[in-house]
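Please read the following report alongside the sequence and the model. It moves from the overall fold to a few individual residues.

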Amino acid sequence: MEVEVKLRLLDSVSHQKLSSFLSPFHTKTLIQENIFFDGSNSELSSNLAILRVRFSRPNGHNPQTILSLKAKPVISDGIFRMEEVEEPLDSTLARACIAEPWRLLSVDSSAIIRRVKEEFGLGGRGKGLVCLGGFRNVRAVYEWQGLKLEVDETNYDFGTCYEVECESDDPERDKRLIEKLLEENGIGFSYSETSKFSVFRSGKLPS
């Protein structure tokens, strides 16, 4: 179970203020491209599951590709809880899957793909995958007060969102710490109410 604090930064000014304050604590910046897949009959999304391929370049180097399956999200007051499993995926194969999604179901060595087939019934006749597209994200990572803060600038075709995230074993405590940081530095924020994937699928920025 992944547990994260997620707070939406109100605008680019808020994002810049937070980035400037945290700059002494910066550890790396990730350039991410997120591509999503669903069953041809929405078998995943109709069951609140997400299949994602993420291409990531830490500090612009050493590209990594990760396949992940997320399911059963629960969102409350800026705290997200969700089942998540991840595993590495060959980058060349992953790129081929964007044009030919059926290739992803042929990765027999993947525990995630086996689960997708067994739990959601994909892989049979008329039960293939479709590529939904995706979005890009610039993630700056900071080590601050014992927390790993991830400050995101997410670029959709229809606009840009800003967010600060933090994986946590004690989300209520850590949310208070982050809220105090933002309030003391005059940084506008609100609780994130939807995932980046939901924003992407809605086709519009959160109000």
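The secondary structure of this protein comprises five helices and nine strands, where helices (H or I, at least four residues) and strands (E, at least two) are DSSP runs numbered from the N terminus. Followed along the sequence, these elements give the pattern β-α-β-β-β-β-α-α-β-β-β-α-β-α. The model is a predicted one, in which local features need pLDDT of at least 70 and side-chain atom pairs count only at pLDDT 80 or more, whereas totals for chains, interfaces and linings use all residues. Residues are numbered from 1 along each chain as its sequence is written, and side-chain values use heavy atoms, with hydrogens and water left out.

**Overall shape and surface**

The radius of gyration of the protein is 18 Å, which agrees with the value near 17 Å that a compact globule of 207 residues would have; this radius is taken over C-alpha atoms, and the globule rule is 2.2 Å times the number of residues to the power 0.38. Taken along the principal axes, the box filled by the C-alpha atoms is roughly 55 × 35 × 30 Å. Of the 207 residues, 45% are buried, a term that stands for under 20% relative accessible area, while exposed stands for over 50% and partly exposed for what lies in between (1.4 Å probe, protein chains only).

Contact means heavy atoms within 4.5 Å, and among contacts between residues at least 6 apart in sequence, 64% join residues at least 24 apart. The protein exposes about 10500 Å², of which carbon and sulfur atoms supply 48%; accessible areas come from the Shrake-Rupley method with a 1.4 Å probe, and for residues only the protein chains shown count as cover. The mean positions of the 27 positive and 32 negative charges lie 3 Å apart, with Lys and Arg counted as positive, Asp and Glu as negative, and His and the chain ends not counted. The place of each charge is taken as NZ of Lys, CZ of Arg, CG of Asp or CD of Glu.

**Cysteines**

A search of the whole structure finds zero disulfides, a disulfide being a pair of cysteine sulfur atoms within 2.5 Å. For Cys97, the closest cysteine sulfur is that of Cys131, at 9.3 Å, which is too far for a bond. Cys97 is buried, since its relative accessible area is 0%, whereas Cys131 counts as partly exposed at 26%.

**Selected residues in helix and loops**

Ser14 belongs to helix 1 (residues 12-22) and is buried. Not counting residues up to four places away in sequence, Ser14 touches Leu9, Ile187 and Gly188.

Gly121 sits in the loop between helix 3 (111-120) and strand 6 (129-144). Its C-alpha is 7.9 Å from that of Glu43, although Gly121 and Glu43 are 78 residues apart in sequence. With neighbours within four places in sequence left aside, Gly121 is in contact with Val116 and Lys127.

Ser42 has a positive phi of about 60° although it is not a glycine, and is placed in the loop between strand 2 (26-39) and strand 3 (49-58). Gln145, also not a glycine, has a positive phi of about 55° and is found in the loop between strand 6 and strand 7 (147-156).

The table gives the relative accessible area of these residues.

| Residue | Relative accessible area | Class |
|---|---|---|
| Ser14 | 6% | buried |
| Ser42 | 33% | partly exposed |
| Gly121 | 36% | partly exposed |
| Gln145 | 58% | exposed |
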